[in-house]
Amino acid sequence: MNKQIRILVVEDEEAIRTGLIDVLVFHGYDVDSAATGPDGLEKALTGKFDLILLDIMLPGMDGYEICDRIRTEDRNQPIIMLTAKTSDEEIIQGLKLGADDYVPKPFSIQQLVLRIGAVLRRSQVGQEMARTLTVGGIEIDTENFRGVRDGDEIAFTKREIEVLSYLARNSDRPVSREELLLKVWGYARNLDIETRTVDIHIAKLRRKIEADNKAPELLITVRGAGYRLVAEG
Ligand code: CA
């Protein structure tokens, strides 16, 4: 029998927390939970979870700080933020701190379960990437999410590496945002906010790899078609 997938639920509202636990247990996951920020962080850092569902507004320490602290320790830990409002600000803040995805509240169980599946799938197939990538003279170590440019170290998130790797494997053509969402995020849909998720990651990558992020020469936009990574000459 396969090892059970472990999920940590960090949510202070009891009705939501117990509802999530019931649904996840029903779907075959091994679930632990925390009702406060500090308890959630403690469990997240010590519990070896396959996925963390993280509420934002929590007593003691908010979900953004928890996400940030987890990322400092473990760049690989899959995290889905539970956002009370669908304000772009909140979503962007969570993604900037390295969350893999977000689910707006009130969420449908169906949507949540699909997103959990997508994030877990991505974290399991992440290993198929090339060990190193070279982009515009930057040597990128895809296992440790680090690059070196002119002797300076650049830190990437796991998702950024996945986006770069996918674009590098397909550098002969532009890749649409919808294709990136499907192949990198595992989404079969393309709501507006989701294609913006792709744009946010592209913007972050440009700030890291381009000499001038306002005039990209490596990660270029092909109007009406998507993004293309310019291959090494
Ligand atoms: Ca809350």
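**Exercise 1.** How many of the 12 residues of H6 are buried, and what follows for the helix?

*Solution.* Keep in mind that we are working with a predicted model. Start with the length: at 1.5 Å a residue, the 12 residues of helix H6 (residues 158–169) should span 16 Å. The end C-alpha atoms of H6 are 17 Å apart, which agrees. Next, go through the burial, where the cut-off is under 20% relative accessible area. Lys158, Arg159, Glu160, Ile161, Glu162, Val163, Leu164, Ser165, Tyr166 and Leu167 pass it. That makes 10 of the 12 residues buried, so H6 is largely enclosed by the rest of the structure.

**Exercise 2.** Describe how H6 meets helix H7 (residues 177–185).

*Solution.* Begin with the geometry: the two axes come within 10 Å and cross at roughly 115°, and the crossing is right-handed. Then list the partners. H6 brings Arg159, Glu162, Val163, Tyr166 and Leu167, while H7 brings Glu179, Leu180, Lys183, Val184 and Trp185. Finally, sort them by class: the contact has 6 nonpolar, no polar and 4 charged residues.

**Exercise 3.** Which residues coordinate the calcium ion, and at what distances?

*Solution.* Look for the donors first: Asp12 (OD), Asp55 (OD) and Met57 (O) sit at 2.1 to 2.3 Å. Along the chain, the donors follow the spacing D-x42-D-x1-M.

Notes. Residues are numbered from 1 along each chain as its sequence is written. This is a predicted model: local features need pLDDT of at least 70, side-chain atom pairs count only at pLDDT 80 or more; totals for chains, interfaces and linings use all residues. Side-chain values use heavy atoms; hydrogens and water are left out. Helices (H or I, at least four residues) and strands (E, at least two) are DSSP runs, numbered from the N terminus. The expected span of a helix is 1.5 Å times one less than its number of residues. Buried means under 20% relative accessible area, exposed over 50%, partly exposed in between (1.4 Å probe, protein chains only). Donors are N, O and S atoms within 2.8 Å of the metal (3.2 Å for Na, K and Ca); water is not among the atoms, so sites may look incomplete. Axes are lines fitted to C-alpha atoms, for helices over the stretch in contact, and angles run from 0 to 180 degrees between N-to-C directions. A crossing is left-handed if the near helix is turned anticlockwise from the far one by less than a right angle, and right-handed if clockwise. Contact means heavy atoms within 4.5 Å. Ala, Val, Leu, Ile, Met, Phe, Trp, Tyr, Cys and Pro count as nonpolar, Asp, Glu, Lys and Arg as charged, and the others, Gly among them, as polar.
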